[in-house]
Amino acid sequence: MGEKKDPEVIIVGGGAAGLFAGCFLKRAGVAFRVLERGDRPGRKLLLTGHGRCNITNRKDPRILKEGYHEAGSYIYSALKSFSPEDAIRFIENELGVELKEEDNGRMFPVSDSAESIRSALVDYIGKENIITGFCCTDIIRETGGYTAVSDDGRSVTGSRIILACGGRSFPETGSDGLSYEVAGKLGHTITPLIPALSAVDVCAADREFTSAVSGVSVNAGASLYCESRKRASGLGSVLFTHRGLSGPVIGELSREIPRDIAASDGWIELDFTPHRTEQELDRELLEQMNSHPDAKITTLASKYVPSSVADKIGQRAGVTDLRAGMVTRDGRKELLKGLKHLELHIDNPPAYETAYVTRGGVALKEIKRETMESKILPGMYIIGEMIDIDGVSGGYNLQACMSEAFIAVRDIMG
Ligand SMILES: Cc1cc2nc3c(=O)[nH]c(=O)nc-3n(C[C@H](O)[C@H](O)[C@H](O)COP(=O)(O)OP(=O)(O)OC[C@H]3O[C@@H](n4cnc5c(N)ncnc54)[C@H](O)[C@@H]3O)c2cc1C
């Protein structure tokens, strides 16, 4: 397919998914244009991995798929077709960015700079193939193709179109949910949207606890409850913040928080001793209290949590200044409750402004899993965060973008 005035393929959205799709088309020698609403492509990429870009995760697709929640079996064929190993080879050999492996299979550029990935993608694609300042508000199906129309009336036509406009998280990067309007107008169903991998704010009363220990990180079990029903739980690092909680395990729970949480009673329960049963902890505490009756009870509790957290738990339990020998059975039970069942109530759902990804999006039942082609509109492909797939943290979301871009382009190439 040679160069012509109109591109063969239009890519709407110059984020990770759109840029990788552009790379695969470039490698195949297909004429294409990336239409990006912002003044430069890949703005969200720059924020990834705290500016270092955790580009993928070196796990076998069979294991990796477990990190995509309900969509694990859907995305498996894409992950097999373009695996993390394929991604690493492409990024190192084609884009010329050397990668390194960190804990738990997470891959980063050796430069520790997300910009090195972003600029390599843009250089590979060629600036001439990227049209910035093009905010696509409509897509018109023509005989033999699609025309993307911008909010200022410009249009670009191509025989195929790839939608890669992102979700709703971090809207200042350009993905503010307009993608769903565009896909909705084309007849696609949008499943309920929920901020995911987000920090969680707790209610004002409990913020008094979290802000006092803000910056402290602990390993804990964390469970989300709504109306006394456990909705989700996990184990990992939890960071106390001025507004509540964050960290990987909290991010995982955030996708399960209902949007109408304000109307119900919801909380996160922290268990600071997840590897001890309540009985074991109680027995241990009692033994220590008996052996050290003159020790401050919160000093004994700091065996299990950082001392600042032990102080706050002691305060809640009403035993903070007491020596161990003075603590009653009820006081000990309250302390135990704080160590195993610390409840921090949520009165507002997480915000898209702090969510790394969006749960929900274009319904998967309307997209062919082998090709990412729309089942409603042939020749239109939908990839990246705008579809109903969200992964855990650790490079999963960018790998999804790459794998989906790959199988879409493979199908376009026939
Ligand atoms: C702070 C942060 C850190 C993250 N870290 C990681 C990480 O380390 N590893 C990982 O795997 N994932 C990470 N993620 C998630 C990952 O960045 C996203 O899942 C991924 O960028 C989604 O790519 P995308 O191309 O689908 O969407 P986006 O990157 O959001 O790109 C969509 C693009 O489309 C453009 N656009 C939107 N609508 C239109 C329109 N109508 N017309 C034209 N253009 C449009 C937008 O301007 C944007 O440039 C992180 C996310 C955040 C917010």
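**The largest nonpolar core**

Guide: The largest nonpolar core comprises 72 residues, of which Ala21, Leu163, Ile382, Ile383 and Ala405 touch the most other members. Such a core is a set of buried Ala, Val, Leu, Ile, Met, Phe, Trp, Tyr and Cys residues joined through C-beta atoms within 7 Å. A residue is buried if 20 or more other C-beta atoms lie within 10 Å of its own, exposed if 12 or fewer, and partly exposed in between, with C-beta atoms placed from the backbone. Eleven residues of this core come from helix 14, which gives the most to it.

The model is predicted: local features need pLDDT of at least 70, side-chain atom pairs count only at pLDDT 80 or more, and totals for chains, interfaces and linings use all residues. Residues are numbered from 1 along each chain as its sequence is written.

Apart from neighbours within four places in sequence, Leu163 is in contact with Val12, Gly13, Ser179, Ala183, Met380, Tyr381, Ile382 and Met386. Contact requires that the C-beta atoms of two residues, placed from the backbone, lie within 7 Å. There is also a second, separate core of 38 residues, which includes Ala220, Trp267, Leu339 and Leu344.

Helix 14 (residues 396–412) also packs with helix 1 (residues 16–28), at an angle of about 40° and with the axes 8 Å apart. Helices (H or I, at least four residues) and strands (E, at least two) are DSSP runs, numbered from the N terminus. The axes are lines fitted to C-alpha atoms over the stretch in contact, and angles run from 0 to 180 degrees between N-to-C directions. Helix 1 supplies Ala16, Ala17, Phe20, Ala21, Phe24, Leu25 and Ala28 to the contact, while helix 14 supplies Leu398, Cys401, Met402, Glu404, Ala405, Phe406, Ala408 and Val409. By type, the contact of helix 1 with helix 14 holds 14 nonpolar residues, no polar ones and one charged. Here Ala, Val, Leu, Ile, Met, Phe, Trp, Tyr, Cys and Pro count as nonpolar, Asp, Glu, Lys and Arg as charged, and the others, Gly among them, as polar.

These parts belong to a protein chain with 14 helices and 19 strands. Of its 414 residues, 47% are buried. Among contacts between residues at least 6 apart in sequence, 70% join residues at least 24 apart. The C-alpha atoms fill a box of roughly 85 × 45 × 35 Å along the principal axes.
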